[in-house]
Structure formats: C-alpha cells, structure tokens
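Please look at the sequence and the model before reading on.

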Amino acid sequence: MSRYQLAKIVQWAGTLRSRKRMQKMVFLLQAAGCPLDAEYGLHYYGPYSQDVAQLVDGLTREGLLVEEVENHAHGEQYSYTLSQRSVDQIQRYETEPRGLEEAGKMEPFANLARALADKDPKELEVGATIVFFQKQGQDWPEAIEKTRSFKKLDANTQFLSNCEKLARRILA
Amino acid sequence: MSAKIIRDPLYNYVSIDRKRDEWLLELLDCAEFQRLRRIHQLGVSYLTYPGADHNRLSHSLGVLHVMQQVLGRLRQSYDDAQVDGARAPLLAAALIHDIGHGPFSHLFESCFGIDHEQWSIKITTSEETGAFRALRKFAPWLPRAVGELIDPSNEDHPSWQKYLLSSQLDVDRIDYLRRDSLFTGADYGHFDWYRLINTLEFFENDQSGRDIVWPEKSVLAIEEYIFSRYYMYQNVYLHKTTRGFEKIVEAVWERARYLFENGSDVNLIPAIRDFWQAAHPSVSQFLAIEEFTVLQQVQNWTSNPDKALSDLARRFLARKPLAMIEAPDFSGLLTPDYAEWEAALRERVGAHSEFDPPEMYIRADLVKAKHNEPYFPEQDKEEQSVPNAIRIKIDGERVPVEISKLRPRLRPLTDKPLSRIRYYVPKEVQNEARKLRDEWILPR
C-alpha cells in the first residue's frame with residue numbers, strides 16, 4: 001500500500017476516527033477491489049494489518065498525517081486528518097501523469113470509502129471478519145457461523161444482519 | 001535406555017522419553033524432518049559469518065526442548081487436563097514447525113515464490129509423507145491439529161497454545177536468537193531465557209480463554225530479550241553484506257526464470273524443471289529441491305551463454321556480493337518517486353556494458369518496518385492492536401499490562417519505526433551510484 005493511497009482514504013473520510021476504522025476500511029476497500037495490496041491477518045478485533053498500522057505511524061511521524069488522541073472510559077481513541085503539507089502534495093501529484101493514473105485507479109472507490117467512514121466501527125469489524133472468512137474459502141453460511149462464533153454474537157439480530165449486508169456489498 | 005539423548009551446544013542434552021514419546025522419535029526420523037539437516041538455518045549468512053553453518057534440524061530440536069521445559073513448568077503449576085491434552089500437538093508442532101522450509105531457509109521463498117508455513121502445513125497433512133504417518137500413529141487427529149497450530153491464520157486452537165508456538169515471545173524465538181548468536185559468534189543473543197520459561201503463567205481471559213503472561217519479577221528478563229533481539233537484527237539478520245549475497249541469489253534465479261519462460265535453454269536440473277513446470281507443485285516435487293540441487297544449478301549456470309546469468313552465478317560462487325547504497329532521503333514526501341530515481345540509477349549502471357541488462361545488477365531491498373523493530377507494542381487499548389504482545393500480570397490490576405507500558409526504556413526501540421529501501425549494485429559502480437544519490441534533488 002502506498003503513502004498516497006492511505007492519505008487519499010483519509011482525505012475521503014475527512015476526519016478518520018479510530019485506528020480500528022482505518023484498519024477495517026483499508027481491508028474492506030481492498031476486498032472490494034481497490035488495488036491497495038496490504039497484508040492482513042486475523043486478530044481479536046477482526047482483520048488487522050501491521051503494514052497499515054506502521055504506515056500510519058510513519059506518516060504521522062513525518063507530519064503528513066495529523067493524529068489526535070482522545071481519552072475515553074474504555075481507552076484511547078485516535079483520529080487522523082491530512083496535514084496541509086499532504087493536501088498540497090496530493091494536489092500537485094494528481095496533476096502529474098503518474099498521479100493521474102494512481103488517482104484514476106482509486107477514484108471508483110471514493111463513495112464506498114465515504115460510506116465506510118460513517119459506519120459504526122463495530123459493524124465494520126464484524127463485516128470485515130465475515131469477508132475475511134469468506135476470502136479464506138468458507139462458503140457464505142460458514143463464514144457467518146465462524147464470525148458469530150469468533151465474535152461471540154447472537155444469531156438473527158438486526159446488528160448481524162447489517163454486518164452481513166455490509167459484507168455482501170463489499171463482495172458484490 | 002529410557003530416553004533418547006541428543007547432544008546440543010545450547011542445552012547440552014535434548015532428551016526424548018522412549019516409552020512415553022516413541023511416536024516423537026519416529027517423527028524425528030522421518031525423511032522430511034531429516035531433510036532439515038541440509039538446510040542452513042540462516043540462509044547465506046555463512047558467507048558473512050563463517051560459523052553460521054548450523055541447520056534447521058538443530059534449531060527444531062532446540063525448539064522442542066524449550067517447549068518440553070515450558071510444558072513441564074505449566075504442568076507443575078497447573079495440574080490440569082488442558083495442559084496434558086495439548087502436550088502431543090504442541091511438542092509435534094514445535095519439532096516440525098519449520099519442516100516446510102526450502103533451500104537456504106527464507107532466501108528461496110522469494111526465489112521460488114514459496115511460503116514455508118504453507119508447505120509445513122502441506123507436509124504435515126499430506127498422507128504421502130513420513131511425518132503424517134508418524135503423527136497419525138499417535139492419533140488420527142494429530143496431523144490436522146499440528147497443521148492448524150502451524151497455520152498462523154487458524155484460530156481454532158486455544159490462544160495460549162498459539163502463543164507458545166508463535167508470538168512475540170515464543171519457543172521458536174527463544175531458541176533461534178540464542179542459537180544464531182552462538183553460531184555466528186555475534187555475541188548478542190544473551191538473555192535470561194531460563195527465567196522466561198520458568199516464570200510464565202496462565203491468565204484466565206473472559207474473551208479468549210487462557211493467555212500466557214509473566215509476573216512483574218520477569219520484566220527485566222523480558223527487556224533483556226527484546227534488546228537482544230534488536231541487536232541480533234541489526235548485526236546478523238539485516239547485515240548489509242549478507243543482504244548483498246541474497247540480492248545476487250535473487251537476481252540469478254530471476255534471470256534464469258525469465259530466460260526459461262522465454263524459451264531459452266537454461267540447462268535445468270530435473271527437480272527444478274519439474275517444480276517450475278508444475279502449475280501446483282506436489283509435496284514430493286517441493287521436497288526434491290535441496291540446497292545441493294540449487295548450488296549445482298548455480299554452478300551449471302556459470303557457463304551459460306547468457307552473459308548476465310553466468311556472471312551473476314560466478315559472482316555468487318566467488319563470494320562477490322553486491323554492495324549497498326542508501327536510497328535518497330524521501331522522508332516527508334507523500335509520493336516519493338522511486339521509479340524516477342531507479343531509472344536514473346539504471347542509466348548510470350547501464351553505461352557500463354558489462355552490466356547488461358542493468359536491472360539485474362540493481363536490486364532494491366525493502367526492509368519492512370516490522371523487520372526494523374524488535375518488538376511491536378500495543379498502541380491503543382481500544383483496539384488491542386497486537387494480540388501476541390508480551391503482557392505482565394501486576395498485583396492489583398484486573399487485566400495484564402503490556403510490557404512497553406511498564407518499561408519506557410523500550411520506547412526508542414519500538415516507537416514508530418519506518419520501512420526503508422536500500423539498493424544493491426556491483427561494487428565496481430558503488431561510488432558512482434553514491435554520488436548520484438548524493439546529488440539527487442528532491443521536490444519539497
């Protein structure tokens with residue numbers, strides 16, 4: 001995954017709230033066909049990529065992303081916006097031939113990214129886990145069942161149905 | 001004799017109880033495991049460190065030994081059926097976790113496009129192998145259980161079992177850091193491993209069942225282990241000369257594959273030809289490729305009519321590594337133009353007619369951030385970003401605390417590392433390439 005791609009996703013989101021959302025958005029966009037090429041494994045909270053986490057950290061350290069930390073009762077929540085330096089660089093890059101090409105490949109996923117940025121993070125987590133199991137070769141009912149068991153979720157709830165809907169949209 | 005005793009330079013004796021674990025001896029004797037004797041543990045590091053001639057088999061026996069010690073410790077502290085039930089799969093997985101490595105360990109993963117963990121799983125669960133038969137002799141379910149334990153994406157086993165085998169402080173790392181240090185002579189692999197394996201405990205977690213944790217008294221030993229890992233990465237695993245040899249090997253195989261796919265006769269040894277021609281190579285086709293096979297193949301290529309292939313093959317056998325230069329400093333740029341820089345480097349190297357085609361002589365080396373960092377701390381409680389982090393049980397705390405929260409001294413080693421790209425070029429043009437890099441103007 002390139003620096004530009006990550007920055008573009010943050011730009012689409014405006015303010016990207018929580019690292020969990022960042023992780024699941026990249027995973028779901030990639031699963032939907034966006035050429036991001038990030039390596040994912042399954043962690044407690046669903047698909048997780050160390051590469052993405054470290055890219056975020058690198059861009060933050062270099063002042064390309066602005067990180068804010070809020071303390072909540074259940075822990076810290078990080079949110080990300082683009083620094084002005086990044087905004088300027090994206091603008092310039094997207095007028096160059098190689099930037100135009102890269103932007104062209106990303107653009108079809110802009111609306112999906114914006115929709116994901118507004119979703120409940122828990123829904124992203126469970127939806128991404130369903131997609132993860134499905135991509136591992138499980139058929140649809142198996143992927144749902146495995147996700148339910150992995151995330152300790154009740155069957156036939158509105159929440160699970162929303163997550164399934166999200167996963168179906170991604171894999172459509 | 002009630003025990004099979006094997007001499008080992010790290011533990012003195014590795015011992016297997018003949019009565020209780022006869023099946024394990026059979027596993028040890030199977031052809032696929034014995035093949036590990038012929039695989040260098042550290043790939044081509046022996047070209048940098050002449051002592052690094054140790055193999056995957058001795059490491060695997062070491063991992064078995066450490067696992068035996070850990071299970072003995074848990075059994076003493078927790079007299080329960082869970083530990084007993086997990087004993088056979090954990091011992092077997094410890095012994096054969098690397099059974100799917102190819103020639104020169106990780107090095108040929110990139111040359112042949114293979115993933116050693118996937119081959120370990122295939123060898124373990126394929127009915128045609130001796131490893132499968134030895135495991136099945138113990139119990140019909142054992143091959144599958146071992147395969148699942150080795151599989152990093154499988155979540156069907158209790159997390160404490162996966163943790164012991166594959167985490168940021170597991171039996172594999174404990175052995176290889178110490179063993180690689182001993183054999184390279186790079187004296188950095190010292191830490192109080194005996195304390196680590198004798199103080200670990202279970203923690204009952206609401207979410208994932210049992211976890212492995214350490215008491216507060218072990219934090220210094222853990223800190224020492226993390227520093228040791230850092231020093232070993234800097235001095236041995238990422239050694240620039242070793243990487244220079246690895247880059248040559250990769251170039252040799254890339255060139256040969258290119259020629260092969262374009263119809264040239266590259267005089268392939270049958271085992272390699274079969275592997276390359278198979279759409280889905282079988283276990284036996286994979287196992288037929290040995291270090292001596294690939295070395296003989298490289299030797300054959302020294303007289304190949306393709307100038308680049310024969311030159312690169314000769315350079316490797318004559319111990320002439322590619323030389324390293326750092327990339328231009330692209331930090332602070334969102335869209336670093338590596339392609340433009342590489343094109344300029346190609347032009348510079350290509351001006352020398354002996355380096356043709358130049359791309360075979362310019363090798364990028366991406367050192368991922370995860371290889372630059374000896375330990376990944378948990379970054380935010382909200383997301384528990386690193387499930388296999390090292391956790392400490394503190395008196396009075398409800399949940400274990402991740403080690404970096406307790407030891408700020410670790411921060412310089414773990415705080416937001418960066419990936420970096422280095423380049424390898426022939427020694428003859430290293431200075432020219434450096435000059436080009438120094439004069440490279442970056443947009444700001």
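In strand S9 of chain B, the bridge partner of Ala364(B) is Tyr423(B). The model is a predicted one, in which local features need pLDDT of at least 70 and side-chain atom pairs count only at pLDDT 80 or more, while totals for chains, interfaces and linings use all residues. Residues are numbered from 1 along each chain as its sequence is written, chains are lettered from A and ligands numbered from 1 in the order in which they are written, and side-chain values use heavy atoms, with hydrogens and water left out.

S6(B) and S9(B) pair in the antiparallel sense over five bridges, where pairing requires that DSSP finds at least two bridges between two strands. Helices (H or I, at least four residues) and strands (E, at least two) are DSSP runs, numbered from the N terminus. Three strands make up an open, antiparallel sheet in the order S5-S9-S6 of chain B; its edge strands are S5(B) and S6(B), each of which pairs on one side only. From one strand to the next, the twist averages 35°.

| Helix | Strands | Angle |
|---|---|---|
| H13(B) | lies across S5, S6 and S9 of chain B | about 125° to S6(B) |
| H22(B), residues 430–439 | packs on the sheet, touching S5 and S9 of chain B | about 5° with S5(B) |

Key
Axes are lines fitted to C-alpha atoms, for helices over the stretch in contact, and angles run from 0 to 180 degrees between N-to-C directions. Contact means heavy atoms within 4.5 Å.
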